[in-house]
Amino acid sequence: MANTSAVYARIDTNLKENAESILQQLGISPSSAIQMLYSQIVLTRGLPLDLHLPSRKPVEIGGMNRAELDQELRKGLDSLNTGNISSADEVDAVLAREFGI
């Protein structure tokens, strides 16, 4: 038998139950999942997670009041009037960079 050690951790009950439900659907025991996590920590020499602050989300028109919508439309018209226009590719690049979309 392999040389093993116990790992004890306290976590939120709902988090534990939700995670174990998903693991069960995947056919993975909690012990196997922890073993996988530890293996990835060793392989990557760090946490195998993408830890970052969530990207900003563009404001949806439906979430704006009339004054906010008028202000944004005015910005667009001002840009057109000053010749400050962008191609679709440029707009896509800005959306990808600023919002991850």
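Modeller: Let us begin with confidence, since this is a predicted model. Among the elements of the protein chain, helix 2 (residues 30-44) has the highest mean pLDDT, at 95, while helix 4 has the lowest, at 87. Over the protein chain the average pLDDT is 88, and 94% of the residues score at least 70.

Colleague: What should I do where the score is low?

Modeller: The general idea is that, where pLDDT is low, the predicted coordinates should not be read in detail.

Colleague: Why does the end-to-end distance of helix 2 agree with its number of residues?

Modeller: One counts 1.5 Å a residue, so the 15 residues of helix 2 should span 21 Å, and its end C-alpha atoms do lie 21 Å apart. Helix 4, which covers residues 88-99 and has 12 residues, can be read in the same way: from its first C-alpha to its last it reaches 16 Å, close to the 16 Å expected.

Colleague: What is the phi of the residue that comes just after helix 2?

Modeller: The general idea comes before the case: most residues other than glycine have a negative phi. Just after helix 2, however, R45 takes a positive phi of about 55 degrees, and R45 is a residue other than glycine. Helix 4 is also followed by a residue with a positive phi, namely G100, where the value is near 70 degrees.

Colleague: Where is R45 found, and is R45 buried or exposed?

Modeller: R45 sits in the loop between helix 2 and helix 3 (66-81). Its relative accessible area is 79%, and because a value over 50% counts as exposed, R45 is exposed.

Colleague: What radius of gyration does the protein chain have, and what would a compact globule of 101 residues have?

Modeller: A compact globule of 101 residues would have a radius of gyration near 13 Å, whereas the protein chain has 24 Å. Along its principal axes, the C-alpha trace spans about 75 × 30 × 20 Å. Buried residues make up 2% of the 101 residues, and the accessible surface comes to about 9400 Å², with 56% of it belonging to carbon and sulfur atoms.

Colleague: How many positive and negative side chains does the protein chain have?

Modeller: There are 9 positive and 13 negative side chains, and the centres of the two sets lie 6 Å apart.

Conventions. Residues are numbered from 1 along each chain as its sequence is written. This is a predicted model: local features need pLDDT of at least 70, side-chain atom pairs count only at pLDDT 80 or more; totals for chains, interfaces and linings use all residues. Side-chain values use heavy atoms; hydrogens and water are left out. The radius of gyration is taken over C-alpha atoms; the globule rule is 2.2 Å times the number of residues to the power 0.38. Buried means under 20% relative accessible area, exposed over 50%, partly exposed in between (1.4 Å probe, protein chains only). Accessible areas come from the Shrake-Rupley method with a 1.4 Å probe; for residues, only the protein chains shown count as cover. Lys and Arg count as positive and Asp and Glu as negative; His and the chain ends are not counted. The place of a charge is taken as NZ of Lys, CZ of Arg, CG of Asp or CD of Glu. Helices (H or I, at least four residues) and strands (E, at least two) are DSSP runs, numbered from the N terminus. The expected span of a helix is 1.5 Å times one less than its number of residues. pLDDT is the predictor's confidence in each residue, from 0 to 100.
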